[in-house]
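Open the model in your viewer and keep the selection tool ready. The tour goes stop by stop.

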Amino acid sequence: MADRPPFPPARPGPDPDPSASGSPRADEDTLPETLAGSGEIDRLVASARDYARGAAAENTRRAYARDWADYTRWCRLRGASPLPPDPRLIGLYLTDRAAPSGGGPALAVTSLERRLSGLVWNFRQRGLLLDRGDRHIASVLAGIRRRHAAPPRVKAALSAEEVLAMAATLPYDLRGLRDRALLLLGFAAGARRSELVGLDLGRDDTPDGDGWIEVESRGVLLVVRGKTGWREIEVGRGSSERSCPVKALETWLSFAALEKGAVFRRVSRDGSRALPARLSDRHVARLVKRTAAAAGLRPDLPEAEMLALYSGHSLRAGLASHAEVDEAHVQRHLGHASAEMTRRYQRRRDRFRVNLTVAAGL
């Protein structure tokens, strides 16, 4: 008997999920037949859906929705159905995204792995399981890694001097005060972009807040909800008013006349007042790139390469790389579960600190 072909032919038929939004259909949240419907049950169903949506960060859900939309579009163009999950079909999809037949840009290995995670999540939301260890997926990914994998490209780690030079390019208007506080606090806290813009002035100030601040005489305490759960970040006062992240934060809050709600928010077009709307985490990335260019960092590089070198992550990596304290303090500050993860952020801090060549006798 001939062996079963490794991948399926295209399966014609309608897409059983007409919405490519990345969210399960509403009729999948049906009640057990033994449970009578009522106003109270409807309220519980709505609350359960809210909790389920909160199981993943908003940025993650958006990314997974894009992954699902791309996969379902790819299936439709080939007359195949994305449901139920078929490892052989997904192996073909990953292959096409790694080496596009249409001549488009190829996805990096890390992007393919993230996209596979998005598909697994989307199938799970529909009550379906995809085994990413299936040979039709695992063998394809292993081959792609072997042929296409490259060393990870990491963002440059900013030093305190560079952050101060970037902050010095900002004007002393309301936007400038806000962005200066974002840069200095982002560096000193080593916080993620989403953690920074998710801060409120007080606990439970807003439904979409992911933390709050407590200003004290010796510094400010950030209580944030990150990838690993809730944690506290202590940010002490700086050695001078010019470099103090707490002073920059207090100045922004004072001039913006903020007493409740989001800490970092939009400013009116004329720059005269702070608006209620919270800043997007993308603002942090754009701010770092814009001020790095204005400060003239890395003049040896073309502008496009220089801009690609910096992002919001440069603030977090900068603290990890330049804080001359015990590694355990840095690990706790960044909220890492392991010291190995912290070392990935410490770009060049420990290189050649221990010379095994000399220790071995050469």
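Where does Pro84 lie? Select Pro84: it is in the loop between helix 2 and helix 3. Helices (H or I, at least four residues) and strands (E, at least two) are DSSP runs, numbered from the N terminus. A cis peptide bond joins Leu83 and Pro84, with omega about -5°.

This is a predicted model, in which local features need pLDDT of at least 70, side-chain atom pairs count only at pLDDT 80 or more, and totals for chains, interfaces and linings use all residues. Residues are numbered from 1 along each chain as its sequence is written, and side-chain values use heavy atoms, with hydrogens and water left out.

**Overview**

Zoom out. The protein has 15 helices and five strands. Of its 362 residues, 42% are buried. Buried means under 20% relative accessible area, exposed over 50%, and partly exposed in between (1.4 Å probe, protein chains only). Contact means heavy atoms within 4.5 Å. Among contacts with a separation of 6 or more, 60% are between residues 24 or more positions apart.

**Helix 2 against helix 3**

Select residues 58–77 for helix 2 and residues 87–98 for helix 3. Their axes are 11 Å apart, and the packing angle is about 100°. Helix 2 is therefore roughly perpendicular to helix 3. The cut-offs: under 35 degrees is roughly parallel, over 145 roughly antiparallel, 65 to 115 roughly perpendicular, and the rest oblique. Axes are lines fitted to C-alpha atoms, for helices over the stretch in contact, and angles run from 0 to 180 degrees between N-to-C directions.

Show side chains here. From helix 2, pick Asp67, Asp70, Tyr71, Trp74 and Cys75. They meet Leu89, Ile90, Leu92, Tyr93, Asp96 and Arg97 of helix 3. By class, this contact has seven nonpolar, no polar and four charged residues. Ala, Val, Leu, Ile, Met, Phe, Trp, Tyr, Cys and Pro count as nonpolar, Asp, Glu, Lys and Arg as charged, and the others, Gly among them, as polar.

Next, select Arg115 in helix 4 (residues 109–125). Arg115 is buried, with a relative accessible area of 15%. Leaving aside neighbours within four places in sequence, Arg115 is in contact with Asp67, Asp70, Tyr93, Arg97 and Leu107.

**The largest nonpolar core**

A nonpolar core is a set of buried Ala, Val, Leu, Ile, Met, Phe, Trp, Tyr and Cys residues joined through side-chain atoms within 4.5 Å. The largest one has 48 residues. Select Leu183, Leu222, Val235, Leu249, Trp252, Val263 and Phe264, which touch the most other members. Elements that each supply at least two residues include helix 6 (160–167), helix 8 (193–197), strand 2 (219–226) and strand 3 (229–236). Helix 7 gives the largest share, nine residues.

Which residues does Phe264 touch, not counting those up to four places away in sequence? Highlight Arg178, Ala181, Leu182, Leu185, Leu196, Leu249, Trp252, Arg278 and Leu279. A second, separate core has 22 residues, including Trp68, Tyr71, Val109 and Val140.

Go to Glu195 in helix 8. Glu195 counts as buried, at 2% relative accessibility. Its side chain and that of Arg231 are joined by a polar contact of 2.9 Å. A polar contact is a pair of N or O atoms within 3.5 Å; within protein, one must be able to donate a hydrogen and the other to accept it, and residues adjacent in sequence count only if both atoms are side-chain atoms.

Jump to Asp179 in helix 7. Asp179 is buried, at a relative accessible area of 3%. Its side chain makes a polar contact of 3.4 Å with the side chain of Arg290. Beyond four places in sequence, Asp179 is also in contact with residues including Leu170, His283 and Leu287.

**Last stops**

Select helix 12 (residues 313–322): eight of its ten residues are buried. Arg316 is one of them.

Finish at Asp204, in the loop between helix 8 and strand 1 (211–216). Its phi is near 60°, a positive value in a residue other than glycine. Asp204 counts as exposed, at 67% relative accessibility.
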